[in-house]
Amino acid sequence: MFEQNKLSVVLLVLIVQLQLILTFDDANSGSVSLNFEDNIDGKFSSFSKLNIHLSSQTNFDLTPSRTIPLSQYERLIDFKSDYPYYTLKVHFKRGATQDYVMTSIPMCLVLQAQFQYTVTLFVSENGYIVGVQVTTGNSTCTLSNINQIEQKTEYNYKATMRLQLNDAGPQPDTQRFLEKLKRQQEAKINSQDADNRPFILKYWKYLLPIVVIVVLQSAFTNEGGAPAAGGGGGT
Amino acid sequence: MRWRKVFETNEYGKIDRIIWYDQESVIISGQGRRARSLRYADGLEVWQLAATTTNTNSNQDTVAKHCQVIKNRYDPGTIHILSDDLLWSVSSYGEMLWSIEIPIKSTLKNLFLLSTSQYVIVGSLDSNSNQLQVTYYSKQDGQQAFSSSLPWSFNAKDSLNKCSTMNNLILCSNNDELSIITIPTTTDDTNVKTRHIKASSKIEQIRILYESTTRSVILIKSDNGETKIYQFNKKESTSEWDFNELNIQMKSNSFISIATDKNLAGQQILEASANDQKLNFHVSTINEQTLTNTRSYSVELPENMGEIEYLAYSVVKNTQLVTLRMQDGSLLVIKLADNGAELILHRDEALSSIISVETFDLSLSITQMRIEEEFGGTGMFSMFTKRISSQVSQLISFFLRLMDLFTHGNRNRDYLDKQAALVRDEFNLNKILIVVTSVGKVFGILTQSGGILWKNFFPNFAPFEHFNAVHVPLFHIRSAAHYTHEPLASIVYRDRNSLHDTHIRTFNPYTGDLENNLTTSSLPYHVKRVFLSTQAVDEFCKVLLFVDTNNKIHTYPPVPLSRALSTTIPTYIYLFDKSEQAFVGYYLSIDENDQKTSTNLKEVWRVSFQNEEVINIHTRLSSDRVHSAGIVLGDRSVLYKYTNPNLIAVVTEGIDYQKVPFVNIYLLDTVTGSLKLSHTHKRVKSPVHIVLSENWIVYTYYNQRYRRYEAVSSSLFEGEAQYNYSTFSSFDPIEPVIQSKAYILPYGVNAIQVTTTEKGITSRDIIMATPNGMLIEIPWILFDPRRPLDLTPMDREEGLIMYTPEIMVNFESVINYYKYVYNIRGIHTVATGLESTSIVFAYGLDLFFTRVFPSRIFDQLKDDFDFMIIGWSTVAFVVGSFVAKRFASIHQTKKAWK
């Protein structure tokens, strides 16, 4: 008996292990390597690389591989180009598929936030990156204000990354609705059962007219001079 | 019209062939899987048969199926159908005679179907050995009798495109040569004979004009325009045929049809050709090798209809009738008589293929224009004189009209009525609809009567492809608001013959007259996308902006970009790259002093879909107005709407790693390339119909798991506080809060749209077209994603309705009553001058137009409003007050004397 139990436990463990391997395998294929590039020098250059596993964690901090020296920062403030945008390009590789997504926000927003921003990556059903968004917490800025911000010798990227997976679309909530209907019905039945008032109190609405009719009838027969109680019984 | 029968919208409704009998016709549809019979007298479907097939997977086959239908010439009541690997026979009175499945081999493709008095013959191509395997099946029970094979030089595709069958002949064209292959009809004769006819150049088309057991006539058309007609006669007691050329001179664009009638001596051949607005016919009798008794007819057409697309000539009770389908979709029936040809029927069938709709306001009347002018002055004196002069002119015109009425009476009544129909009414309820059809015909339709005001046909028209549909950009170049100038509309389309060439046609929507200055056929670039400028340039005209294949933006007519687009607000444009399944956003900044008429676009964002296919996108209506920025809740706090005008809805389809099909719906911000909503629905089937308006989206799809249609409604909210109350920017760091609910729909959906009103104050209704022909108006409140399951007093205060999973449709909300409209493809809604009223125009196979009142008629008096009571009671009150005043004064005087 004990032996048998042991065997089944071993089998179970094996199955669990197999499943773990399978899920691990799945997770392996769910691994995505990311490469972040931006265009602060007018051309795209990488500033951070990251490997992530989907379905394990949704918030990450990017570790920058370079900083922005003050001279460059000041140059950016004086940027008089016709392209005043900070563009973030995210290359991703998942399995054999390789592609990139991109977004842009006004350069001065990034300068104002001193390269501190949040990157949101939109991840599709199959684990591919669909889009990217950058937010700094502001939507307007003026370059003149930036000059008044404290000066540093160099500026560090302080970017946090968030993964946003597709939501499962809503389903018609028939289950809860039916439960609710059932509850209501039960409540109705219960309320009927709980009605243990005396018979007279419950049905006085129906009894009263009968009583009235009887009383009136007897009153009329009384007027006729016939014996009140015996009149009906006698005939 | 006597009767009409609308077939299914799916593949079973696609007609493969119609076989005509005396009283009824047998229609084979659904790639040879359905047969049904319709009676001519009343349109009754007498019988319907479905092919019995065990192979259920074949429906999902992506390989284009091939179907052949023939009527057995030796036994006209029997029809043989070959649908891929299924061979079946039906009789004209609705009996399935037999049905067999031919064994499938991947290398064997069934191509030809022939019939004799004893056998049904299937020719299948064996691509391994390049042989045509000919199998004989018994006509009585479908038993395989025997088979033989012959060498075959064509591949499967060529065999389908270049070959035709006729009796026991297979005719194949090979460059300038026509091969006639005789298939033996009995077991003792196994001789396959091949003969050839030489043409002067490459053969384009072989058409069988007439076919009987002993005689046949075919037409061979070469690519140099030469057309030859051959007559085939069967040799006595063999299965072989003799042929000879008929001596007939034909024009290159002419069509031929042959009619046989018992009363006729021999056969008549009709040659028809279209020439501008004229149709020419030549009718002759076929004799041995020549044509005799040639008579010519010609008929003037009311408008240009392009070339002939289909021709049928028939003689019914000694009346010669010609039925034609023209290139513009017109159906014509012409009667040929001794005194000439006469057009007896003309129907614009093109109206059932509408792809773009726009509405224009009607023009102001002269008096309305004067009123507009009256307030146009600047100085006090000029305003005064203007006012006086306009009022004097109004008085004069009033007297003139009175004079006209007395002297001429109602003589010009018709003309005046027609003019009045083109003048804007008091509430701007009547409009003119401009519809563009997929064949290239543009119509101007008056909404009050549904009458066609004008039509224009553009012969070299081809629409643009737009995801899985076709589309023609149609723009308001100049709206009707500028009463001093005529309004203008533009359409942009591709050339039918060279798809890279783009045509622009600008016309006056009231008359259809082309504006030649703004009409061109030669743009020096290949157009990828076209849109309208945000600013009017010259004489209130907007310009068209084109993005070419090199991502360069151009204006037409060429004006500096700085005048066409705003220089203060940057312009963002998105394009879709089909090969990479990616949306790419571009940015365009324009310097105020820049005089360039074209410039390059700069890429700013990119959204890519891997393993998903974008099947449709949906933008909000340009007329969408948001009246209130928030919703007042039950506790008097405000929930602010997230009304991002830059959102588009994107629908994608794909299969996930568990091999489950899914549909994704995204809301994409076209300025930053970020996604504001992403919903995945598993085991769901397209088509997905979307309505995007204000801060909400409603979409419908088919749920394969529960086999029902569902709708999902989502609203986006900023929350209890508003980030910026005056302007919206896509760069605002707002994370919209999404509320969603799903509902079960009682019917399927063909199209949905939301009502539009002038200011957006009126509540919204969803107009839904169903496959059973109804147009249903459903209040958006029923789709509200905030409908709670348990209704609290607070929710009740707010006016929310309790959540029920199913949307109940009241039959009162069917806006077309019993006038059912079928196969609706789109619904167009427009605002009117009355805030309560929205105009609805549904188009598809049928057209339907009506007005709807989503919040009832709150700004109009009811039709049964009693003006008499109000009038008399006002009079009574006035009189009463005078009487009371008199009495009061008498009373006062008396009191004073006391």
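A polar contact is a pair of N or O atoms within 3.5 Å, and inside protein one of the two must be able to donate a hydrogen while the other must be able to accept it. With that in mind, the reader can turn to the place where chain B meets chain A in this predicted model, for which the count is 20 residue pairs in polar contact, with both residues at pLDDT 80 or more. On the side of chain B that touches chain A, the elements that give two or more residues are strand 45 (602-608), strand 50 (661-669), strand 51 (675-682), strand 53 (696-703), strand 54 (708-719) and strand 55 (737-744) of chain B.

Taken as a whole, the meeting of the two chains brings 53 residues of chain B into contact with 46 residues of chain A, and the area buried between them is about 4,000 Å², of which carbon and sulfur atoms give 51%. In chain B, the residues that lose the most area to chain A are B:Arg606, B:Gln610 and B:Phe731, which together account for 17% of what that side buries.

Charged partners also face each other here, for the count between chain B and chain A is three salt bridges. One of the pairs joined in this way is B:Lys682 with A:Glu125, whose closest N and O atoms are 2.9 Å apart.

Finally, strand 51 of chain B runs parallel to strand 11 (residues 167-168) of chain A, and two bridges join these strands.

Technical notes. Residues numbered from 1 in each chain as written. Chains lettered and ligands numbered in written order. Predicted model: local features only at pLDDT ≥ 70, side-chain atom pairs only at ≥ 80, totals over all residues. Heavy atoms only, no water. Contact = heavy atoms within 4.5 Å. Buried area = accessible area lost by both parts, 1.4 Å probe. Salt bridge = Lys/Arg side-chain N within 4 Å of Asp/Glu carboxyl O. Polar contact = N/O pair within 3.5 Å; in protein donor to acceptor, adjacent residues only side chain to side chain. Helix = DSSP H or I, 4+ residues; strand = E, 2+ residues; numbered from the N terminus. Pairing = 2+ DSSP bridges.
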